[in-house]
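Q: I have a structure open and would like to go through it piece by piece. Can you take my questions as they come?

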Amino acid sequence: MISLDAGWDVVVDAQHANPEYANELARLATRHGAIWRTEDFDVPLDELLRRNEARPRADHVPEEYIRSSWKRFHHVMFRPLNPGDPNGNLLKRMIADLYVRVTPVRGESDVFACNFTREAFLEGRWNTRTINARGL
């Protein structure tokens with residue numbers, strides 16, 4: 001928090017496959033007036049293993065951990081959205097985004113209007129979801 005309040009750029013290098021972890025960091029950044037964004041890197045498993053081997057021994061991650069994490073998370077984070085899949089539901093992802101406004105359309109049971117929030121517009125807080133919200 002001290003770094004954010006001082007205006008420093010802060011990078012959190014982590015596997016936030018569970019969107020709630022990333023949302024928690026986004027809320028923290030917002031409370032401290034920081035601009036935040038997420039980046040997902042779709043890196044093949046063999047490249048991850050090669051990079052791990054190139055690290056100094058003290059920084060090595062156990063290969064089995066890399067393999068199991070990649071197997072567990074890769075298919076969740078990098079796949080087409082499928083109807084009925086709660087982890088791939090675009091509407092739920094939009095609702096979870098702090099900078100996207102989702103509003104039910106009056107008189108409809110399953111139609112929603114999506115747009116970016118005023119804060120996203122005024123503060124230039126663009127990410128894939130806020131940009132896509134314009135097209136929904």
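**Asn 52 and its surroundings**

A: Start with Asn 52: apart from neighbours within four places in sequence, Asn 52 is in contact with Asp 59, His 60, Val 61 and Ile 66. Keep in mind that this is a predicted model.

Q: Which helix does Asn 52 lie in?

A: Asn 52 is part of helix α3, which covers residues 45-54.

Q: Is Asn 52 buried or exposed?

A: Asn 52 is buried, at a relative accessible area of 3%. The cut-off for buried is under 20%.

Q: Which residues in α3 are buried?

A: In α3, the buried residues are Leu 45, Leu 49 and Asn 52. Looking down the axis of α3, these buried residues fall within an arc of 60°, so they line one face of the helix.

Q: And what exposed residues does the face turned away from the buried side of α3 carry?

A: That face carries Asp 46 and Ala 54, both exposed.

Q: Let's do charges. How many salt bridges does a search of the whole structure find?

A: The search finds four salt bridges. One of them joins the side chains of Glu 47 and Arg 50, at 2.6 Å from N to O.

Q: How are Glu 47 and Arg 50 placed in helix α3?

A: Glu 47 and Arg 50 are three residues apart in helix α3, so about one helical turn separates them. Side chains of opposite charge can pair when their charged atoms come close.

Q: What else does Glu 47 form a salt bridge with?

A: Glu 47 also forms a salt bridge with Arg 51, where the closest N and O atoms are 2.9 Å apart. Arg 51 and Glu 47 are four residues apart in helix α3, again about one helical turn.

Q: Which residues are linked in a network, then?

A: Glu 47, Arg 50 and Arg 51 are linked in a network of salt bridges.

Q: How accessible are Glu 47, Arg 50 and Arg 51?

A: Glu 47 is partly exposed at 21% relative accessibility. Arg 50 is partly exposed at 49%, and Arg 51 is partly exposed at 44%.

Q: What does Arg 57 form a salt bridge with?

A: Arg 57 forms a salt bridge with Glu 53, with 3.6 Å between the closest N and O atoms. Arg 57 counts as exposed at 62% relative accessibility, while Glu 53 counts as partly exposed at 46%.

Q: Changing topic: which residues form a nonpolar patch on the surface?

A: Trp 8, Val 10, Val 12 and Leu 25 form a nonpolar patch, and together they have about 400 Å² of accessible area.

Q: Where is Leu 25?

A: Leu 25 sits in helix α2, which runs over residues 19-31. Leu 25 is partly exposed, with a relative accessibility of 30%.

Q: Now further along the chain. Where is Glu 119 found?

A: Glu 119 is in helix α6, residues 118-123, and is partly exposed at 40% relative accessibility.

Q: What is Glu 119 in contact with, leaving aside neighbours within four places in sequence?

A: On that basis, Glu 119 is in contact with Tyr 99 and Gly 124. Glu 119 and Tyr 99 are 20 residues apart along the chain, and their C-alpha atoms are separated by 6.9 Å.

Q: Which strand is Phe 116 found in?

A: Phe 116 is in strand β2, residues 112-116. Phe 116 is buried, with a relative accessible area of 14%. In sequence, Phe 116 and Val 102 are 14 residues apart, and their C-alpha atoms are 8.7 Å apart in space.

Q: Back out to the whole chain. How many helices and strands are there?

A: The protein chain has seven helices and two strands. In sequence order, the pattern is α-α-α-α-α-β-β-α-α.

Q: What share of the residues in the protein chain is buried?

A: Of the 136 residues in the protein chain, 21% are buried. The chain exposes about 10300 Å², and carbon and sulfur atoms supply 55% of that area.

Q: And what part of the contacts with a separation of 6 or more comes from residues 24 or more positions apart?

A: In the protein chain, residues 24 or more positions apart account for 40% of those contacts.

Conventions
Residues are numbered from 1 along each chain as its sequence is written. This is a predicted model: local features need pLDDT of at least 70, side-chain atom pairs count only at pLDDT 80 or more; totals for chains, interfaces and linings use all residues. Side-chain values use heavy atoms; hydrogens and water are left out. Buried means under 20% relative accessible area, exposed over 50%, partly exposed in between (1.4 Å probe, protein chains only). Contact means heavy atoms within 4.5 Å. Accessible areas come from the Shrake-Rupley method with a 1.4 Å probe; for residues, only the protein chains shown count as cover. Patches are made of residues with over 30% relative accessible area and no salt bridge: like charges are joined within 9 Å, nonpolar side chains (Val, Leu, Ile, Met, Phe, Trp, Tyr) within 5 Å. The arc is that of the directions from the helix axis to the C-beta atoms.
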